[in-house]
Amino acid sequence: MPTRQVTHRRILLADADAFYVAIARLVDPDGAGKEPLLIVGGSSKRGVVTSASYETRRYGVRSAMPTAHALRLCPKAVIVPVPREACSQKSREIRKVLQRFSPVVEPASIDEFYVDLTGTERLYRESLAATAARIRARVLESTKLSVSIGGGTSRLIAKLAAEEAKRRRAGDEPGVHIVPPGGEEEFVGRLDLAQIPMIGPKFQERLARYGMRTVRDALRHDVGVLEEWFGKRTGHWLYNRIRGIDTGPVEARIRSKSISHEETFFDDLTEDDDLNREVLRLAVRVAADMRRKGFLARTVTVKIRDGDFTTRQAGYTFPQPVSADRPIVETAHRLLRKLRRARRTSARLLGVAVSQLIEARDPSQLALFEESSEGDLETDHDRTIARMVDGINVKFGRGGLRRASELRGGER
DNA sequence: TCTGGGGTCCTAGGACCC
DNA sequence: TCTGGGGTCCTAGGACCC
């Protein structure tokens with residue numbers, strides 16, 4: 001009997017190096033481009049570091065650190081705001097380059113992409129490492145951005161390998177690290193549990209209570225024990241993770257599940273008028289964004305962060321999907337009132353989100369709702385107004401048209 | 001040090017239905 | 001009168017990621 005050929009998957013993760021810093025430099029070559037001690041992030045008193053140049057990282061500056069703290073560590077650093085539009089644009093460019101190598105490209109975040117090259121062995125006639133190196137060169141040439149690439153038989157291994165590639169890039173290594181099939185367990189076995197994706201601070205604490213800090217520590221326990229300690233699902237998940245086992249597919253088309261905007265205020269807000277005005281602004285933005293992306297939504301959620309950093313939220317689900325400003329704005333105001341009734345204190349942040357999204361161009365899903373339209377919460381009139389607003393905003397940019405209530409400073 | 005903005009996924013309880 | 005079992009949906013909160 002001939003031995004069956006075992007075909008393993010060939011998955012890469014391409015992760016841009018210091019993405020925001022690199023783009024800030026491309027956008028402003030004479031300013032940020034010439035500043036070694038560069039931090040990208042919010043510069044106001046409540047900002048945090050989005051990304052720090054390698055030079056500032058040497059001072060201990062890290063992502064998500066309050067910029068005030070970062071400046072204490074590295075007083076000479078220069079802070080520039082996040083160039084959001086340019087970042088989205090560059091992200092799309094990287095994705096396009098990757099799609100020339102395989103149609104199965106899944107964006108994992110703005111600067112990370114999984115690429116499934118399974119089945120391309122005969123087409124490329126080269127090692128996975130060689131393909132990865134060619135991809136790196138192509139991305140650099142087309143986008144002027146450097147990426148590190150990790151590769152292996154699963155998403156998990158590719159992700160961890162990319163981290164390894166970044167660590168080695170400090171030396172003179174090529175920015176590519178591939179874990180060969182069969183080498184997974186040994187590769188993962190060298191790591192700390194904290195390095196495994198989805199093992200965050202809270203889970204690390206629980207693991208530490210059982211004396212586990214490294215993957216090696218955890219490998220000593222069998223499934224039953226892990227399931228008993230952390231629950232069936234989590235225990236089983238952990239058992240597989242620390243052995244490098246991950247069967248999750250790379251998916252080229254994932255639809256977004258929610259759209260949101262939030263804002264932390266320079267100073268906490270206490271007046272209802274101010275809060276109402278902000279929630280209106282956010283809701284209008286979210287609704288316009290949602291329509292531009294071609295969605296309707298059934299659920300609206302308002303989030304509030306109190307002065308003491310307590311975060312609360314309230315949501316409402318419509319019987320049918322909506323897309324116009326009016327139902328979304330009215331619901332957001334109602335939910336804000338509900339949150340304020342439960343606790344009336346200063347607010348440092350407000351957010352508005354829509355979820356349970358339905359594609360406007362998906363007749364199969366829409367027909368379902370169109371039939372039961374007697375109690376429709378959204379009228380044709382609402383939709384007509386929304387279309388007009390979108391038209392004007394396209395012509396004159398966002399803010400081309402503003403509500404009278406927004407200019408007056410809030411209603412209700 | 002005093003904590004952004006954009007997301008995803010999971011859990012758990014209650015309502016409701018069969 | 002003391003009481004089921006399962007499925008789905010909604011809501012709120014929380015962990016985690018970049």
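This is a predicted model: local features need pLDDT of at least 70, side-chain atom pairs count only at pLDDT 80 or more; totals for chains, interfaces and linings use all residues.
Residues are numbered from 1 along each chain as its sequence is written, and chains are lettered from A and ligands numbered from 1 in the order in which they are written.

The secondary structure of chain A comprises 17 helices and 12 strands, where helices (H or I, at least four residues) and strands (E, at least two) are DSSP runs numbered from the N terminus. The C-alpha atoms of chain A occupy a box of roughly 70 × 60 × 50 Å along the principal axes. Of its 412 residues, 34% count as buried; a residue is buried if 20 or more other C-beta atoms lie within 10 Å of its own, exposed if 12 or fewer, and partly exposed in between, with C-beta atoms placed from the backbone. Among contacts between residues at least 6 apart in sequence, 64% join residues at least 24 apart, two residues being in contact if their C-beta atoms, placed from the backbone, lie within 7 Å.

One open sheet is formed by 5 strands in the order S5-S6-S1-S7-S8, with mixed pairing; two strands pair if DSSP finds at least two bridges between them. Its edge strands are S5 (105-109) and S8 (176-178), each of which pairs on one side only. Neighbouring strands of this sheet are turned by 20° against each other on average, direction ignored; axes are lines fitted to C-alpha atoms, for helices over the stretch in contact, and angles run from 0 to 180 degrees between N-to-C directions. Within the sheet, strand S1 (residues 11-16) and strand S6 (residues 112-116) pair in the antiparallel sense over 5 bridges, and Leu12 stands opposite Val115 in S6. Helix H7 (residues 155-169) packs on this sheet, touching S1, S6, strand S7 (147-152) and S8, and its direction makes about 140° with that of S7.

Leu98 lies in helix H4 (residues 84-99) and counts as buried because it has 23 C-beta neighbours inside 10 Å. Apart from neighbours within four places in sequence, Leu98 is in contact with Ala14, Val105, Phe113, Val115 and Ile135. Between Leu98 and Lys202 there are 104 residues in sequence and 35 Å in space, C-alpha to C-alpha.

A further open sheet contains 4 strands in the order S9-S12-S10-S11, with antiparallel pairing. S9 and S11 stand at its edges, each with a single partner strand, so one side of each is left without a neighbour in the sheet. The twist averages 15° from one strand to the next. Helix H13 (residues 272-292) packs on this sheet, touching S9, S10 and strand S12 (347-359), and its direction makes about 25° with that of S12. H14 also packs on the sheet, where it touches S10, S11 and S12 and its direction makes about 150° with that of S11.

Strand S10 (residues 295-306) and S11 pair in the antiparallel sense over 8 bridges, with Val302 opposite Ala314 and Lys303 opposite Gln313. The hairpin of S10 and S11 has 4 residues between the strands, and in it Phe309 takes a positive phi near 75°. Helix H14 (residues 325-342) has 18 residues and reaches 26 Å from its first C-alpha to its last, close to the 26 Å expected at 1.5 Å a residue, the expected span being 1.5 Å times one less than the number of residues. The buried residues of H14 include Ile328, Val329, Leu335, Leu336 and Leu339.

Around DNA strand B there are 23 residues, of which Ala64, Lys257, Ser258, Thr264 and Phe309 come nearest; a residue is near a molecule or strand if its C-beta atom, placed from the backbone, lies within 6 Å of it. Helix H3 (67-73) and strand S9 (258-269) are the elements that give two or more residues to this surface, and S9 provides the largest share, 7 residues. The surface near DNA strand B divides into 7 nonpolar, 9 polar and 7 charged residues, where Ala, Val, Leu, Ile, Met, Phe, Trp, Tyr, Cys and Pro count as nonpolar, Asp, Glu, Lys and Arg as charged, and the others, Gly among them, as polar.

Around DNA strand C there are 17 residues, of which Gly200, Lys202, Phe203, Gly315 and Thr317 come nearest. The elements that give two or more residues to this surface are helix H9 (201-209) and strand S11 (311-322), with the largest share, 6 residues, coming from S11. The residues of the surface near DNA strand C divide into 7 nonpolar, 6 polar and 4 charged.
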